[in-house]
Amino acid sequence: MARHADERISGPRVSLPRRVIERPLRQVGKRLLMALGVLLLTVLIVYVDRDGYHDNANGTLDFLDCAYYATVTLSTTGYGDIVPYSDTARLANILLVTPLRVLFLIILVGTTLEVLTERTREEFRLNRWRSTLRDHTVIVGFGTKGRSAIQTLCSTGLSKDQIVIVDPSNKVIETANADGFVGVIGDATRSDVLLRAEVQRARQIVIATQRDDTAVLVTLTARQLNRGAKIVAAVREEENAPLLRQSGADAVITSASAAGRLLGLSVLSPSAGTVMEDLIQQGSGLDLVERPVTKSEVGKSVRETGDLVVTVLRGHRLLGYDDPAASPLQLTDRVITIVRAAAVTPLTTPPED
């Protein structure tokens, strides 16, 4: 999971999906324009009734004096060198200038208040997220493999709020947030990073890192934190697969070997290669689905079911459809079938691993 140094941050943190907000410079510009508008309006009010004010310096007010009075009145309580003495000027100060002073101060401190409010809201969302997160799925690595795994999981009905992504790159987590996923920025080989992803309460963990040695370390750490979770890991080299299993992975997918077998099959039979690619692409065309045996199927043979059964899972044994022991089906069995699936909406184009 090596990334460029400029994409890393000093420590792990949780990043929740957020609404798209205005750019900070645009927000500051709008507030400056509003403050300037309030100031000009106050200057105009004072200038219209300038005869009702007294300047201790020369007794009368020109436009510059009105601008000076408006500025010090809005930003402070005034210096007393220019004062309203007529009833009209005093009434205008009560009804107009004072509310404008309050509005001016609100505009000036609005950015600070918004930051404090946003931090409080973000902390509340984070605490609520932690308290409600149970039996979720942790995806380590948000590259091509990780995003493909997420797309497959979402096509089976898993909601986005039940997926937590861990990646050391801030930009990658921002992309994950844009897709609606919660992200944890940090090195997944560290236990504190995985704890921020609540891995100790996860039901399943998918490890899709770029390096095999990183996958081994993440698997060891994840298994230490959660003994009961199902861990599936991907490796590039087939010789590293046994090491992943020894580290605690329940299933190991060799990406390079799998791609090579699919290439070889496509050379021997392009049609067979197309079918295999269709089967492993969840959510469109044909899908492989694991489901329990229904009560109506108990006692029947594999060929008598309504679906195209390819394998029967009995306990920890995998029985092929042509295995005599696979029939009759039992109530505790699970079957892997080929079904027709509907298309799913793809995620944003992923970065290459």
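**Close-up views of a predicted model**

At 48% relative accessibility, Leu 91 counts as partly exposed, a class lying between buried (under 20% relative accessible area) and exposed (over 50%), with a 1.4 Å probe and protein chains only. The model is predicted: local features need pLDDT of at least 70, side-chain atom pairs count only at pLDDT 80 or more, and totals for chains, interfaces and linings use all residues. Residues are numbered from 1 along each chain as its sequence is written, and side-chain values use heavy atoms, with hydrogens and water left out.

**View A. A nonpolar surface patch that includes Leu 91.** Leu 91 is located in helix α3; helices (H or I, at least four residues) and strands (E, at least two) are DSSP runs, numbered from the N terminus. Together with Ile 94, Leu 95 and Leu 96, Leu 91 forms a patch with about 400 Å² of accessible area. Patch members have over 30% relative accessible area and no salt bridge, and nonpolar side chains (Val, Leu, Ile, Met, Phe, Trp, Tyr) are joined within 5 Å, whereas like charges are joined within 9 Å. A salt bridge is a side-chain nitrogen of Lys or Arg within 4 Å of a carboxyl oxygen of Asp or Glu. Accessible areas come from the Shrake-Rupley method with a 1.4 Å probe, and for residues only the protein chains shown count as cover.

**View B. Arg 134 in the loop between α3 (87-132) and β4 (137-140).** Arg 134 is partly exposed, at 42% relative accessible area. Its side chain reaches the backbone oxygen of Ser 131 at 3.4 Å. Such a polar contact is a pair of N or O atoms within 3.5 Å; within protein, one must be able to donate a hydrogen and the other to accept it, and residues adjacent in sequence count only if both atoms are side-chain atoms. Arg 134 and Ala 202 lie 68 residues apart in sequence but 6.4 Å apart in space, C-alpha to C-alpha.

**View C. Helix α5 (residues 170-178) and its two sides.** Val 172, Ile 173, Ala 176 and Asn 177 are buried. They share one side of α5 because they cover an arc of only 145° around the axis, taken from the directions from the helix axis to the C-beta atoms. Lys 171 and Ala 178, on the other side, are exposed. Ser 169 caps the N-terminal end, with a side-chain oxygen 3.4 Å from the backbone nitrogen of Lys 171.

**View D. Positive phi at Asp 135 and Glu 198.** Most residues other than glycine have a negative phi. Asp 135 has a phi of about 50°, and phi of Glu 198 is near 55°. Asp 135 is partly exposed at 43%, whereas Glu 198 is buried at 7%.
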